[in-house]
Amino acid sequence: MRITARREEVDAVKAVLEDPGFDNADQMAKALIKEVGSILQMRDWVALVHTWSDGHRGLNFAPFGNEAEAKSFASKMAFGGTGRIVPLHSPGAMLANHDGKKWKGYCQHDECGHAPFTHSAASAARGACQIPTCPCNGFRK
Ligand SMILES: [Zn+2]
Ligand SMILES: [Zn+2]
């Protein structure tokens with residue numbers, strides 16, 4: 001997974017490392033793995049969806065940190081068929097927005113607050129939230 005650590009992610013990991021409340025290294029390691037897991041759940045990923053050359057569903061791979069990583073993997077794995085890159089949205093960001101714990105990158109419209117990926121990129125509806133109950137028609141960073 002090709003990723004670049006973000007400021008808020010580094011701060012969350014540091015908070016675990018600097019917490020004096022752990023009795024032993026195992027406890028700290030477990031807490032750290034949990035923390036990193038929830039951090040990674042806040043990210044969007046890329047999947048590689050594969051079809052065999054006879055048209056049958058193939059072998060799907062994920063997560064990749066970006067398209068370039070998925071393409072590089074595909075070019076090394078010469079087992080035939082065709083591959084397609086599919087974006088995977090973060091369930092963590094969606095849940096955090098839903099539960100009122102606003103994660104970085106949510107829509108700042110008072111009545112929306114959904115993650116950026118819920119906002120349409122299609123020309124006519126560009127910017128509007130695609131969640132039917134949402135009133136916003138623009139996403140602001
Ligand atoms: Zn919105
Ligand atoms: Zn919305």
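Student: Why is C112 called buried?

Tutor: C112 has a relative accessibility of 10%, and buried means under 20%, so C112 counts as buried. Keep in mind that this is a predicted model.

Student: And what makes C129 buried or exposed?

Tutor: Its relative accessible area is 10%. The cut-off for buried is under 20%, so C129 goes down as buried.

Student: What does C112 bridge?

Tutor: C112 bridges the zinc ion (ligand 2) and the zinc ion (ligand 1). These two ions lie 4.0 Å apart.

Student: Which residues does C129 touch, leaving out those up to four places away in sequence?

Tutor: C129 touches C112, H114, T118, H119, C134 and C136. As for H89, it is 40 residues from C129 in sequence, and their C-alpha atoms are 15 Å apart.

Student: Switching to charges, how do you know that R7 and D11 form a salt bridge?

Tutor: The N to O distance between their side chains is 2.9 Å. A salt bridge needs a side-chain nitrogen of Lys or Arg within 4 Å of a carboxyl oxygen of Asp or Glu, so R7 and D11 qualify. Both residues lie in helix α1 (residues 7-17), four residues apart, about one turn of the helix.

Student: Why do R7 and D11 get their accessibility labels?

Tutor: R7 comes out at 53% relative accessibility, so it counts as exposed, the cut-off being over 50%. D11 is at 37%, between the two cut-offs of 20% and 50%, so D11 is partly exposed.

Student: What makes R43 and E9 a salt bridge?

Tutor: Their closest N and O atoms are 2.8 Å apart, and the limit is 4 Å. This pair links distant parts of the chain: R43 is in the loop between α2 (25-40) and β1 (45-51), while E9 is in helix α1, 34 residues apart. Both R43 and E9 are buried.

Student: How do you know that K71 and E67 belong on the salt-bridge list?

Tutor: Their side chains meet at 3.7 Å, N to O, and the cut-off is within 4 Å, so they count. K71 and E67 share helix α3 (residues 67-76), four residues apart, about one turn of the helix. E67 has a relative accessible area of 43%, which makes it partly exposed. A search of the whole structure finds three salt bridges.

Student: How does the radius of gyration of the protein sit against that of a compact globule?

Tutor: The protein has 19 Å, but a compact globule of 141 residues would have a value near 14 Å. The C-alpha trace spans about 60 × 45 × 20 Å along its principal axes, and buried residues make up 23% of the 141 residues.

Student: What domains and elements does the protein have?

Tutor: The domain assignment gives domain 1 (7-40), domain 2 (45-88) and domain 3 (90-141). The C-alpha centres of domain 2 and domain 3 lie 28 Å apart. There are four helices and three strands, running α-α-β-β-α-β-α from the N terminus.

Student: What makes the peptide bond from A62 to P63 cis or trans?

Tutor: Omega is near 0 degrees there, and the bond is cis. P63 is found in strand β2 (residues 61-64).

Technical notes. Residues are numbered from 1 along each chain as its sequence is written. Chains are lettered from A and ligands numbered from 1 in the order in which they are written. This is a predicted model: local features need pLDDT of at least 70, side-chain atom pairs count only at pLDDT 80 or more; totals for chains, interfaces and linings use all residues. Side-chain values use heavy atoms; hydrogens and water are left out. Donors are N, O and S atoms within 2.8 Å of the metal (3.2 Å for Na, K and Ca); water is not among the atoms, so sites may look incomplete. Buried means under 20% relative accessible area, exposed over 50%, partly exposed in between (1.4 Å probe, protein chains only). Domain bounds come from an automatic or database domain assignment. Helices (H or I, at least four residues) and strands (E, at least two) are DSSP runs, numbered from the N terminus. The radius of gyration is taken over C-alpha atoms; the globule rule is 2.2 Å times the number of residues to the power 0.38. Contact means heavy atoms within 4.5 Å.
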